[in-house]
Structures are given as C-alpha cells and as structure tokens.
Amino acid sequence: MSAAKNKAIPVQDNDSGLHGQYKTWFLDYASYVILERAVPAMEDGLKPVQRRILHAMKEMDDGRYNKVANIIGQAMQYHPHGDASIGDALVNMGQKDLLIDTQGNWGDVRTGDDAAAARYIEARLSKFALEVAFNAKTTEWQLSYDGRKNEPVTLPMKFPLLLVQGADGIAVGLSTKILPHNFGEVIEAAIRHLRGKRFELFPDFLTGGMIDTADYNQGKRGGKVKVRAHIEEVDKKTLAIRSVPYGVTTTQLMESIVKANDQGKIRIKKVTDNTAAEVEIQVDLAAGISPDITIDALYKFTDCEVSISPNACVISNGKPQFLSVQELLKLSVDKTRNLLEQELMIRLNELQEKWHYTSLEKIFFEEKIYKELEKKHETWEKVLEGIDKAFVPFKKQLKRAITREDIIRLTEKPVRRIYKLDIDELNEQIKGLEADIKQVKHDLANLVDYAVAYFENLQKKYGKGRERKTEIRQFEVIEAKNVAIANTKLFVNREEGFIGTGLKKDEFLFECSDLDDIIVFAKRGIMKVVKVSEKTFIGKDILYAAVFQKNDERTTYNMIYADGKGGKSYAKRFNVTGVTRDKEYDLTKGDEKSKVHYLSVNPNGEAETVKIVLSPASSARIKEFDFAFDELAIKGRGSMGNQVTRYPVKSVRFKEAGKATLSGRKLWFDEKFGRLSAEEKGLLLGSFEPEDKILVIDHDGNYEITDQEMTQKFDADKVLLIEKFDPAKIISAVYLDNEKKQYTVKRFMIETTTLRNKFFFIKEGQGNYLETVTTDPEPVLAMQSGRGSQVRRAKIRIVKVADVMGWKAVGNKLVDYSKSIEMEWVKPKGSSQPELFE
C-alpha cells in the first residue's frame with residue numbers, strides 16, 4: 001500500500017468545519033422551531049402560520065366568502081411548510097369563532113368530528129378581525145421566505161388576542177399552553193388596567209363545563225386547573241352528561257367511561273351519545289347503584305374531570321419568555337394603547353396636511369393667485385416663483401412652510417370660473433378639519449380615556465353571544481375509596497389466618513373495592529389493617545374482618561382477653577381511628593400466650609351485657625356472673641383495660657344488647673358543595689341518632705325525606721330548606737302561580753314515607769316555583785312591595801290565612817304577583833290580625 005493511501009486526512013476543528021456545524025445545527029433547528037413554528041408572538045398573539053393565513057385572507061378580502069382551498073394556496077406564498085399545516089391551522093382558528101367567519105361543515109371540537117375537505121368549506125375575515133388586526137400604516141414589513149412578497153413581521157393587533165383565543169404548541173425543549181379566557185372579561189380587565197386598578201382573569205372554554213381555578217397561579221408554570229363536565233341526575237337510574245371538559249371529545253369521554261366500567265370502578269348498563277346541537281351523553285346505571293356515588297366516581301375515574309397545567313410561554317423581543325396572564329394582558333393592552341396613539345398621530349398628520357392644502361387652495365382661488373398662470377413668464381420656474389411670491393402675505397395664516405410640491409399640486413387644479421359657492425365649500429371643509437384636528441388632539445391628550453372607549457366599543461359591537469360559558473366553582477376532593485364500588489369478593493381462612501381475594505375455596509366474607517383497606521382481628525389479640533390483595537397473612541384463628549373506615553370515632557370495639565402471663569382477664573372498649581397499614585398492633589398486655597375471649601363491633605358505641613363462665617376447676621366461689629360494658633370508658637386501643645377476674649375463664653357469651661353510649665352524631669350541610677358533613681362545615685342540622693331522617697325542600701317545589709348517607713349530593717343553589725325531619729312539624733310554603741300571576745300559600749304535613757324520592761307539592765305549571773318555606777309552628781311572613789316613597793309593608797300570620805291541608809292541595813291566594821315583592825320569615829310579635837296588600 002502506498003504512503004499516499006496511509007496519509008491521514010486532517011479534520012478541521014473550528015466553527016466552519018464538521019464539528020462546528022454539529023455544534024450549531026441543533027441550536028439553529030431548535031431556535032427555528034421555537035421562533036417560527038410553535039410559540040406565539042406576544043405582540044399579536046399569533047404563530048407565524050396563523051399570521052400568514054390572516055395576511056393572505058386580507059389580501060383576498062372583498063367581503064365575500066372564499067374557498068378554504070384558495071386561502072391555503074394564497075397562504076403558501078408566505079408559509080413554506082405545505083398545505084396540511086396551513087389547513088389545520090385555518091380550521092383551528094375558524095372553530096374558535098373569533099377572527100374568521102366560516103361557512104360549511106367546519107367540524108366540532110366537542111365531538112372531535114373533522115371539518116369537511118378544504119374544497120367544500122369557505123371562510124372570510126370577521127368584522128372583528130378587520131377592525132383590530134390590520135393597518136398597513138402601522139405594520140412592520142419583511143420579505144417572505146422566497147423574497148417575492150412582503151409579509152408582516154407582526155400584525156398591529158389592537159386587542160389581547162392571545163388570552164381570548166388561547167394557544168398550544170410544542171417546540172424543542174419547551175412548550176406553551178395558554179388557556180382561552182372570556183371575551184368580555186378580558187375587555188373588562190383591560191379597562192381596569194388602563195385605569196390603574198387590579199384585576200383577575202380565569203379561563204373560559206367554548207365547551208362549557210365547570211372549572212376550579214384555586215391553583216391557577218395566574219396561568220404561570222406550576223399552576224393547574226381542574227375542569228369538569230356537567231352531570232345531571234335525570235332519575236335514580238339515569239345520568240345525563242351535558243358538557244365535556246376542555247380538550248376532551250364526547251368519543252374520548254365515552255371510551256373513558258366504558259374503560260372505568262370494565263375495570264370495575266363504576267357499574268353501568270350502557271352509555272349512549274345523544275349529542276346534537278347540545279352535548280348529551282346518557283349513562284344508564286346498573287340496578288341498585290347510587291346515582292350520587294356514580295357521579296362522584298365519574299369525576300374520579302373518567303375524563304369527566306381532567307386537570308390542565310397552563311404554561312404561558314410567548315416570544316417577546318425575539319426570545320421565549322414565561323409570563324403570567326396578568327403580565328400578558330398588561331403588555332398587550334399597553335401595546336394596544338401605543339398602536340392607538342400611533343394611529344392618532346398618523347391621523348393628526350393627515351388632517352393637518354389636508355388642512356394645509358385646503359387652506360392653500362382657498363387662498364389660491366380667493367386671492368386670485370391662480371392668475372399668475374395667465375402671466376407671461378420666461379420659464380415654468382418663474383411661474384412657480386411668482387405663485388410662491390404671491391403667497392407671501394398669507395404665509396402667517398398657515399401652520400407650515402409652502403413647498404414646491406404644494407405649488408405644483410395647486411397648478412394641476414383645473415382652472416375655471418371660481419364661484420363664491422366654491423370658496424364657501426372650502427371654508428366648510430376647513431372648519432370640519434379644524435374640528436377633527438381638535439378632537440384628535442383631545443384624544444391624544446386623554447389617551448387612556450380614548451383607549452377605554454375603544455375597548456368599550458369592542459364590547460358593545462362584538463360582545464353579544466360571548467358571555468361566560470364555563471362555570472367557576474370550587475370542587476370538593478373526592479376520595480377514591482369513598483366512591484369505588486364493590487368490585488371484588490373477599491375470602492378468609494380463619495384457622496390458618498389468611499384473608500384475600502384469591503382464597504375462593506374458603507369462607508366468603510363480603511364484597512369490597514380493590515381500593516379498600518381491611519381491618520382484621522385475630523384470636524391472639526392481634527389487629528392489622530391491610531390492603532385488599534390476593535392473599536395476606538394476619539394471624540391464626542381470625543375473629544373478625546371488615547372494611548376499615550379511617551377517622552371513625554363512633555365504631556367502638558368491646559373486648560375481653562386473657563393475659564398469657566398472669567392468667568387474669570381484662571375488659572376494654574376502644575376506637576380505631578388512624579393506623580399504619582400492615583403494622584401489627586397487640587391489643588393485649590403483650591404476652592404471646594394471650595388470647596381473646598370476646599369481641600364485638602358496635603357502630604354507635606353500644607355497650608352490651610355478657611355472661612362470663614369461669615373454669616370449673618377454678619377456686620372461685622361464684623363461677624358465673626354478668627358483666628356490663630357500660631361500666632367502662634372508651635379509651636385508646638393500647639390501653640390495658642380493667643380487670644374482670646383473676647380466675648381462668650371458660651367462656652364469655654352475649655346476654656343482652658345495650659344502648660348506645662355515644663351522643664347523637666352532629667351533622668352539617670355544606671352549602672358550598674351541597675354535601676352532608678360531620679366536620680363542622682356549613683349549616684348545623686343538629687344531633688342525629690341512627691334512625692333520624694333529613695327533610696330537604698327545593699326551589700322547584702319538591703320535598704324529599706332522606707337518610708344520613710354522606711355520599712349524597714344536593715343542588716345547593718336550589719335548596720331552600722334542609723333540617724332534621726320531624727313528622728309532627730307543619731310546613732308553610734309560598735309559591736308563585738305563574739298562570740294566575742299570584743303568590744299562593746299552603747300548609748301541610750309530610751304524609752309519605754318513601755326515602756330518597758322527590759314529591760312535587762306545588763301546583764303544576766310552567767314558570768311556577770317555590771318562593772319561600774318554613775317549619776316554624778307560628779310562621780309570620782314579612783312582605784315589602786314598591787320602591788322609594790311607594791314602599792308598602794305588611795306582616796302576615798300564615799295560620800290565620802291558611803289551614804293545614806294535604807300535601808297535594810293547591811292552597812290559598814296570598815297576594816298578587818309583583819316583581820318588587822320581597823318576602824322574609826320573622827318571629828311573631830303579639831297576636832295582631834293578618835295584614836294584606838290591597
């Protein structure tokens with residue numbers, strides 16, 4: 001082999017060589033994707049493809065619709081990335097119903113249906129877009145990618161578009177996700193910023209639904225929002241989903257529901273998509289399944305609730321920046337104000353130029369300077385000099401010097417007989433121009449007021465139909481254990497000490513959820529709390545197992561055990577509130593030979609009486625005696641207990657049930673979430689024994705008797721009365737009879753006994769509703785009617801005007817309907833006769 005073939009080829013190690021290119025290529029690519037593809041500009045809120053589409057549509061704009069295929073072709077002169085990306089971006093903007101008026105099938109973001117082919121659908125710029133996005137005089141231009149055309153660097157957007165339209169984009173090393181906000185609320189916030197006031201902004205979605213903004217964090221990185229669908233209980237067997245969360249389609253939602261059902265997290269018969277003009281997904285429940293629990297489970301286990309993490313990244317001054325929505329709005333509004341100021345300055349300059357030329361024209365004809373054109377001058381320059389010299393006495397009337405171009409323009413006017421009418425017309429034009437100049441100068445001097453008026457005008461012209469669609473509310477935390485249905489069977493091998501779902505040949509215990517914790521007691525005096533699994537060892541001779549309820553302070557365990565060391569027997573009562581999962585707790589004095597004689601589980605702290613039989617071989621004189629657990633105080637699970645006997649025990653048997661030793665459970669109604677609560681949240685309903693019921697009366701005119709099940713959910717906005725049910729109480733109700741335009745009063749007692757069933761007790765009719773209701777034994781209703789000096793007041797003893805009737809009775813007329821009537825229940829004073837309005 002020759003020496004030439006063995007000679008090494010030198011590798012350049014500088015920026016122009018191979019290594020240098022590898023150093024810069026990725027950075028160049030990343031910068032291009034960030035700046036030119038995925039991230040919107042702060043100045044106009046648009047990505048390059050969106051800006052180029054709007055610019056192309058402006059070029060084509062003649063007020064009529066254009067085929068989307070033609071718009072795509074026009075935009076390809078500016079966007080070098082093919083028709084698919086342009087078409088997708090155009091459809092996306094059209095579906096947001098802000099900048100583009102659409103015609104044809106543009107798809108549906110709620111269902112995920114695609115738009116028709118570009119050759120079948122049409123579009124044009126909306127009036128809103130034409131007003132806020134374009135002004136050639138304030139636009140900065142650059143050459144297109146092939147150098148043939150000019151395109152805008154950014155559009156002169158006089159509106160916080162980015163916050164209303166929102167944006168999504170994934171670049172190299174970063175992404176952006178700006179959620180859409182409400183049109184009117186953004187304008188209101190813009191006005192507040194211009195006035196120097198504080199403001200808040202929260203997302204609003206075209207898909208509707210509900211949103212929890214507690215952790216929104218002004219749209220910055222690290223924040224999040226929870227979005228839910230509206231779910232309505234049609235009846236005890238049917239639910240209807242009336243909206244979809246942002247970014248979720250009806251198809252995706254139904255698939256997530258079917259998946260949750262297949263996994264055993266919910267139990268339904270079928271799910272049907274009835275979506276037409278409005279979203280409606282019907283969920284038919286399996287027999288015996290609670291609709292309240294299923295609604296919570298749908299939020300917990302399906303796409304009926306989704307969490308969205310905003311990440312407001314924009315291009316500002318040629319670099320990506322992470323900003324809050326407040327900062328975005330402030331920058332955008334300040335940019336709008338600057339653009340308005342530029343437009344006013346341009347307008348002022350144009351008006352002043354027009355005033356200057358109109359004044360020149362007036363003097364030119366009024367002072368007959370045009371006759372200089374009739375004089376014989378040697379050259380054209382002499383003619384122009386003569387005209388200029390003739391203007392000298394009048395130059396003080398002008399606001400700037402007369403230029404050669406001004407004179408040439410005057411000479412180009414057609415010279416004809418000048419009428420006085422022409423001079424008067426010029427005077428009127430000058431007066432009009434002076435008024436316009438004055439107004440523009442006033443607007444410049446009061447720029448904030450001018451900008452506020454601009455935004456108010458946008459709201460007036462384009463705000464109709466853009467009201468908030470997404471309800472802002474705080475969501476309650478749903479614990480998976482509380483809503484998971486029993487989807488597995490638990491078995492026990494008591495002798496060997498195992499429990500689990502896989503012990504199918506052994507004793508069946510109960511059905512439970514695979515999310516549950518199980519509390520187990522063994523003969524040795526051992527207690528453990530374990531997760532549901534296929535097979536778990538607890539300890540030999542299992543006595544009891546149940547689903548564990550954390551922080552349960554009412555369930556009381558009564559136990560008698562023998563100490564393995566001394567042989568003495570002890571009795572104890574205890575609660576189990578919090579434990580460490582899989583940890584073994586010894587409930588005895590700790591000796592390995594200790595054993596449990598007796599164990600009972602009491603949901604309300606009941607204290608029974610037991611018969612204790614001692615061993616026949618014991619030296620005790622009395623070998624049988626009764627022991628009452630109510631003699632013991634409830635202590636912690638680690639307490640030793642009280643000594644029952646020092647002699648060996650043969651058996652302990654239940655003798656007599658005892659009463660609950662705990663006071664009734666206090667319940668509250670949490671008006672924020674429409675839930676019953678035992679945690680002192682909301683309205684105190686009272687102290688409840690296990691058999692007590694709850695009365696609920698709503699604005700629609702229904703009453704319902706229900707139990708103390710904590711998973712129930714009520715429509716807090718409609719609940720007029722909720723209290724502990726007393727069947728002896730008389731209900732006094734006032735409702736609107738819309739047909740007769742009167743308020744009707746009725747008094748009745750609850751006669752039905754069916755639980756969790758609504759009974760409609762007011763007169764049926766469109767527009768009828770329950771105004772107010774009470775269970776006070778001597779109800780007095782204070783009413784006020786009229787406004788200002790015409791106010792009339794009255795107090796009515798309801799027992800004087802209405803007798804107790806059946807719950808289906810119509811009732812008696814109380815007073816004619818009036819929008820100004822206000823009603824309030826008050827405490828009775830004296831025994832005056834009822835007063836009525838005339």
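Let's start with the open sheet. Four strands form it, in the order S24-S21-S22-S27, and the pairing is antiparallel. Keep in mind that this is a predicted model. Which are the edge strands? They are S24, residues 542-547, and S27, residues 585-586. Each of those two pairs on one side only.

Look at the S27 end. Strand S22, residues 526-531, is joined to S27 by 2 bridges. These two strands run antiparallel.

Next, strand S13, residues 281-285. How many of its 5 residues are buried? The count is 4, so the strand is mostly covered. S13 has two pairings to show you. Strand S11, residues 238-241, is joined to S13 by 4 bridges, antiparallel. Strand S12, residues 268-273, pairs with S13 over 5 bridges, also in the antiparallel sense. Leu239 stands opposite Val283.

On to helix H12, residues 380-390. Which residues of H12 are buried? Val383, Leu384, Gly386 and Ile387. Why do they sit on the same side of H12? Because they cover an arc of only 155 degrees around the axis. What do the buried residues of H12 pack against? Helix H11, residues 325-366, and helix H13, residues 404-411.

Stay on H12 for Glu381, which is found in that helix. Glu381 is partly exposed, because its relative accessible area is 36%, between the 20% and 50% cut-offs. Its side chain makes a polar contact with the side chain of Arg404, at 2.9 Å. Compare that with Asn446. Glu381 and Asn446 are 65 residues apart along the chain. Their C-alpha atoms are separated by 46 Å.

Last topic, the cysteines. How many disulfides does the structure hold? The count is 0. Two cysteines to click on: Cys313 and Cys512. Cys313 counts as buried because its relative accessibility is 0%, and the cut-off is under 20%. Cys512 comes out at 2%, so it also counts as buried.

To recap the helix: Val383, Leu384, Gly386 and Ile387 are buried, while Glu381 is partly exposed.

Definitions and conventions:
Residues numbered from 1 in each chain as written. Predicted model: local features only at pLDDT ≥ 70, side-chain atom pairs only at ≥ 80, totals over all residues. Heavy atoms only, no water. Buried < 20%, exposed > 50% of the residue type's maximum accessible area, 1.4 Å probe, protein only. Polar contact = N/O pair within 3.5 Å; in protein donor to acceptor, adjacent residues only side chain to side chain. Pairing = 2+ DSSP bridges. Arc of directions from axis to C-beta. Contact = heavy atoms within 4.5 Å. Disulfide = S-S within 2.5 Å.
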